[in-house]
Amino acid sequence: MSSVSKGHTCEALVLMCIDFRFRENVQENLKAKGIKSYDIMAFPGASLGLSSDSNPAQKPLLNAITISKNLHNIQRVVIVDHEDCGAYGGSSNFVSLDEEKAEHREKMILAARAVKAEVDLPIETWLARLDGTLEAL
Ligand SMILES: [Zn+2]
């Protein structure tokens, strides 16, 4: 068993989908991008929960991001959507990968706007691909 860091701050908060298929790759990709310590939140569809104030999940998600900022002094928020997300209807819900990406991009913009209004931190938006890569949206 490894020990737990006594330091109580981290670099980022990462919001990702609950989908188990992407967890390991996303963590490896974040580490490779230099994001080594981060709080993590998982919500079906990631950006979907934040993209509309008519979504009852938006307020609790924003509150959790604020708590992460206040407790752990995060310096940025990273939102990771993924290809073939069931919350978006899966890849089969789109005629092409470009259309699927466009839908994620649109929701990411709305989600980022809501987060920015809440915590005013830099926001990065990524799409985890089925091939294991992480692509900026
Ligand atoms: Zn998903």
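Asn73 is partly exposed, with a relative accessible area of 44%; partly exposed denotes values between the buried class (under 20%) and the exposed class (over 50%), computed with a 1.4 Å probe on protein chains only. The model is predicted, and local features were considered at pLDDT of at least 70, side-chain atom pairs at pLDDT 80 or more, while totals for chains, interfaces and linings use all residues. Residues are numbered from 1 along each chain as its sequence is written, and side-chain values use heavy atoms, without hydrogens or water.

Asn73 lies in the loop between helix H2 (58-72) and E3. Helices (H or I, at least four residues) and strands (E, at least two) are DSSP runs numbered from the N terminus. Although Asn73 is not a glycine, its phi is positive, at about 55°. A positive phi near 60° is also found at Asp84, likewise a residue other than glycine. Asp84 is placed in the loop between E3 and helix H3 (97-119) and is partly exposed, with a relative accessible area of 24%.

The zinc ion is coordinated by Cys17 through SG, His82 through NE2 and Cys85 through SG, at 2.0 to 2.3 Å. Donors are N, O and S atoms within 2.8 Å of the metal (3.2 Å for Na, K and Ca); water is not among the atoms, so sites may look incomplete. Along the chain, the zinc donors have the spacing C-x64-H-x2-C. Cys17 belongs to the loop between strand E1 (12-16) and helix H1 (23-32), whereas His82 is in strand E3 (residues 76-82), so this pair ties together parts 65 residues apart in sequence. Both Cys17 and His82 are buried.

An open sheet is formed by 5 strands in the order E2-E1-E3-E4-E5, with mixed pairing; two strands pair if DSSP finds at least two bridges between them. Strand E2 (38-42) and strand E5 (134-136) are the edge strands, each pairing on one side only. From one strand to the next, the twist averages 25°. E1 and E2 run parallel and are joined by 5 bridges, and Met16 has Ala42 in E2 as its bridge partner.

H2 packs on the sheet and touches E1, E2 and E3, its direction making about 165° with that of E2. H3 also packs on the sheet, touching E3, strand E4 (123-128) and E5, and its direction makes about 155° with that of E3. Contact means heavy atoms within 4.5 Å. Axes are lines fitted to C-alpha atoms, for helices over the stretch in contact, and angles between N-to-C directions run from 0 to 180 degrees.
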